[in-house]
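Could you walk me through this structure, one selection at a time? I have it open in my viewer and would like to know what to click on next.

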Amino acid sequence: MNILISDYEDVLDRDLEYEKQLLLEHLPEAHIEVYSYINEEEFLEKIKDVDVLSTAFLPLNKKVLQSAKRLKCISVNATGYGNIDIQEARNLKIEVRTVKEYCTTEVAEHTMALLLSLVRNIKHYSNEIDRENIWKYQSVVNMKRLAGQTLAIFGFGRIGQAVTKKARAFDLKIIAVDPFTSKEIADELGVTLVDKEYALEHADIITNHMNQTLENKQYFSKEEFLKMKKQPLFINVGRGECVNEQDLLWALEKKHISGAALDVLKEENPELIDHPLTRRDNVILTPHAAFYSEQSMIDLQTRTCENIIDSVKGWR
């Protein structure tokens with residue numbers, strides 16, 4: 001049985017020996033290979049004789065899946081699977097397993113860190129001190145008190161609810177947009193469920209935690225930014241493809257939003273040289289790091305391997 005652990009080079013920069021040992025402890029007959037993705041052509045050659053694939057971000061489209069003639073299981077080293085053609089996987093009877101829970105606490109903490117950094121203009125002050133030796137609090141104008149502002153959470157699942165519990169400590173008014181969440185759950189957390197239009201119009205701060213689906217691709221685009229009446233701060237720690245980046249840039253330039261904090265971009269490995277979202281005082285970028293801590297990495301690796309072990313034992 002062949003198991004391939006494959007992803008972009010930076011994603012594979014983790015303790016892979018731990019994963020190998022855990023897999024071999026339960027599947028001693030397995031042959032495990034690690035491959036750092038270079039291009040689709042080479043990947044197609046690698047995957048053709050693989051029974052199990054472990055990956056987080058590689059694009060697994062119809063062509064790739066059809067080339068993997070022996071593939072029975074994809075263990076996604078993440079919670080989302082927007083990079084996988086799920087319908088084709090079903091057609092080919094390839095089981096897709098994700099990690100349901102491992103980093104809710106970290107993502108909620110990261111969201112609040114970004115939110116507070118934007119509200120208090122931390123990047124601006126830090127840049128002035130480090131680059132220009134300026135020590136002047138008045139260099140920021142129109143800074144608003146956080147308490148009393150309206151936070152709109154798009155996607156009110158585990159992470160959205162965890163953000164709520166932390167945000168309540170700052171006396172924020174919290175509204176949420178999620179057609180799949182019950183009023184009872186929202187009421188328990190003191191949150192008002194609203195529709196998209198209301199949230200766009202009334203929010204001082206918007207944070208996105210939606211899972212990536214076909215329905216919410218490019219969910220935040222020019223039309224949505226135009227409806228943001230209060231020039232809100234915009235935070236995305238969900239999925240990069242939920243946001244039209246060109247329209248986000250336009251909204252920043254036209255001041256339809258006051259600032260942005262993004263843990264994800266449309267590309268998982270963006271070219272940062274001359275990227276239009278870098279080197280802006282009112283834009284904070286982090287490298288898809290919201291999930292990260294030592295504890296969450298161990299949980300992620302363990303549960304990814306457990307998914308492989310359970311799947312193999314089911315069809316072996």
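Here is a short tour of the sheet and the helices packed on it.

Keep in mind as you look around that this is a predicted model.

Stop 1: Begin with the five strands in the order β2-β1-β3-β4-β5, which form an open sheet with parallel pairing. Its edges are β2 (31–36) and β5 (95–97), each of which pairs on one side only. From one strand to the next, the twist averages 15 degrees. In general, the strands of a sheet pair through backbone hydrogen bonds.

**Stop 2: strand β1.** Now select residues 2–7, which are β1. Is this strand mostly covered or uncovered? It is mostly covered, with 5 of its 6 residues buried. On one pairing, β1 runs parallel to β2 over 6 bridges, and here you can find Ile3 opposite Ile32. The parallel pairing of β1 with β3 has 3 bridges; look for Leu4 and its bridge partner Leu53.

**Stop 3: from β3 to β4.** Stay with Leu53 and find Ile74, its bridge partner in β4. Strands β3 (residues 52–55) and β4 (residues 73–76) run parallel and are joined by 4 bridges.

**Stop 4: the helices.** Next, select residues 16–26 to see helix α1, which packs on the sheet and touches β1 and β2. The direction of α1 makes about 155 degrees with that of β2. Together, β1, α1 and β2 make a right-handed β-α-β unit. Finish with residues 294–315, helix α12, which also packs on the sheet, touching β1, β3, β4 and β5. The direction of α12 makes about 160 degrees with that of β4.

Notes
Residues numbered from 1 in each chain as written. Predicted model: local features only at pLDDT ≥ 70, side-chain atom pairs only at ≥ 80, totals over all residues. Heavy atoms only, no water. Pairing = 2+ DSSP bridges. Helix = DSSP H or I, 4+ residues; strand = E, 2+ residues; numbered from the N terminus. Axes fitted to C-alpha atoms, helices over the stretch in contact; angles between N-to-C directions. Contact = heavy atoms within 4.5 Å. Buried < 20%, exposed > 50% of the residue type's maximum accessible area, 1.4 Å probe, protein only. Right-handed = clockwise from strand over helix to strand, strands pointing away.
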